[in-house]
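Please look over the sequence and the model shown here. The report that follows takes up the ligand and its surroundings, then the sheets, then some backbone details.

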Amino acid sequence: MVINRRILTLDEFTIQQMRAFPHATGELASLLRDIGLAAKRVNVEVNKAGLVDILGDAGAVNVQGEDVKKLDVYANNQFMGVLKHGISCAGIGSEELDDFIAFDDPVSNNSKYVCLFDPLDGSGNIDVNVSIGTIFSVYRRVSPLGTPAVREDFLQAGIHQVAAGYIVYGSSTMLVYATRRGVNGFTLDPSIGEFSLSHPDIKCPDFGKIYSVNHGNFFQYEKSVQDYIQQCQKKNKDTGGPYTQRYIGSMVSDLHRNLIKGGIFMYPATIDKPKGKLRLLYECNPFAFILEVAGGKATNGKQRVLDIVPTELHQRSPLFIGSKGMMEELETYLKA
Ligand code: P6P
């Protein structure tokens, strides 16, 4: 009997993917489901963020008499909690934590994976109701099973990611993740409280009409970057220019839009931030992995982001990422 399931939930999809690999242990599927659970909990709080009496500011006490935590700290605790009490993750690194944390308990020490997170990226936008997001990156640990996770487990080049993804808390809440098998998007269906497959096998169009950059930094960019930006603003029958400029200052939202519609996102080095602003391990690498699996490209202006060997947990990198054709056009300027 064929069971025809029109829309798969995240849980059903991850289990279906696991069944496709006879030797799969189910740990990655379990880890992704844990992330989905934490995302649902964060989503509830993010959607209430405007109701000050419930959340208030950090340090306040809410109506239940609980210490109110900042949303990004709350989000960090949710993701850390589900992974610590799951069966798949030996430890995490996070934008909210100075150093990595090895969970160091018998189950976690026998887990194959480590995770890196930006638990709530763009949280500065919460007070003005602009979409924000969570970004995650999953690596197979390099240290021996049965021992606590170590720093080297987290300082791996992005090419070694097993999975990467994000949650965008926007007009709808979506979880998008990539493995080498593809990029798939799931929309939270409030009627059943599950992420349901809504965007199977996402591919980033080779060309788009959108360029995303903070024009306020224009005079701090290298000339080659300024020249490319001005090219984006010119009429050009070959490239379809002028492009439309879209930049909302929330990376997850900007990159989700450009992934789906096609486009290029740039956070170049500036005079004030010569290494760029975005973090390599839990902002640049996850999106570079997702875009490459979806057919796009990502560089730091000089090399492929996924080839960069990290030396520090919170190191920054310039980022140029998006549609393959637009990235190749940009690269002709960067090489000039
Ligand atoms: P700027 C948010 O703070 C963030 O980390 C990304 O989400 C966003 O793309 C970028 O910084 C915006 O930075 O300097 O343009 O405000």
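## Ligand site and sheets

In this predicted model, a side-chain N or O atom of asparagine 214 lies 2.9 Å from an oxygen atom of the ligand. Lysine 277 also has a side-chain N or O atom by the ligand, 3.0 Å from an oxygen atom. For aspartate 121, a polar side-chain atom is 2.4 Å from a ligand oxygen atom. The table sets out these distances.

| Residue | Side-chain atom to ligand oxygen atom |
|---|---|
| Aspartate 121 | 2.4 Å |
| Asparagine 214 | 2.9 Å |
| Lysine 277 | 3.0 Å |

The ligand taken alone exposes 400 Å², and the protein buries 79% of that area. In which pocket does the ligand sit? The ligand sits in the second largest pocket.

The residues around the ligand are Asp121, Gly122, Asn214, Tyr247, Gly249, Ser250, Met251, Phe265, Tyr267, Lys277, Leu278 and Glu283. Sorted by class, this shell holds five nonpolar, four polar and three charged residues.

The description now turns to the sheets. Strand β6 covers residues 173-179 and strand β7 covers residues 182-189; the two run antiparallel and are joined by six bridges. Opposite alanine 178 stands valine 183 in β7.

Another open sheet has five strands in the order β10-β9-β11-β13-β12, again with mixed pairing. Here the edge strands are β10 (244-245) and β12 (297-299), and each pairs on one side only. How do β9 and β10 run, parallel or antiparallel? Strand β9 (residues 210-212) and β10 run parallel, with two bridges joining them. Isoleucine 210 has threonine 244 in β10 as its bridge partner.

Two backbone details remain, each in a loop. Proline 242 is located in the loop between α7 (223-232) and β10. The peptide bond leading from glycine 241 to proline 242 is cis, and its omega is near 0 degrees. Aspartate 104 belongs to the loop between β2 and α5 (106-109). Its phi is near 50 degrees, which is a positive value in a residue other than glycine.

Note on methods
Residues are numbered from 1 along each chain as its sequence is written. This is a predicted model: local features need pLDDT of at least 70, side-chain atom pairs count only at pLDDT 80 or more; totals for chains, interfaces and linings use all residues. Side-chain values use heavy atoms; hydrogens and water are left out. A residue is near a molecule or strand if one of its heavy atoms lies within 4 Å of it. A polar contact is a pair of N or O atoms within 3.5 Å; within protein, one must be able to donate a hydrogen and the other to accept it, and residues adjacent in sequence count only if both atoms are side-chain atoms. Accessible areas come from the Shrake-Rupley method with a 1.4 Å probe; for residues, only the protein chains shown count as cover. On a 1 Å grid over the protein atoms alone, a cavity is a set of points where a 1.4 Å probe fits but cannot get out, and a pocket is an open set with protein on both sides within 12 Å along at least five of seven lines; lining residues have an atom within 4 Å of a point. A molecule sits in a cavity or pocket if more than half of its atoms lie within 2 Å of its grid points. Ala, Val, Leu, Ile, Met, Phe, Trp, Tyr, Cys and Pro count as nonpolar, Asp, Glu, Lys and Arg as charged, and the others, Gly among them, as polar. Two strands pair if DSSP finds at least two bridges between them. Helices (H or I, at least four residues) and strands (E, at least two) are DSSP runs, numbered from the N terminus.
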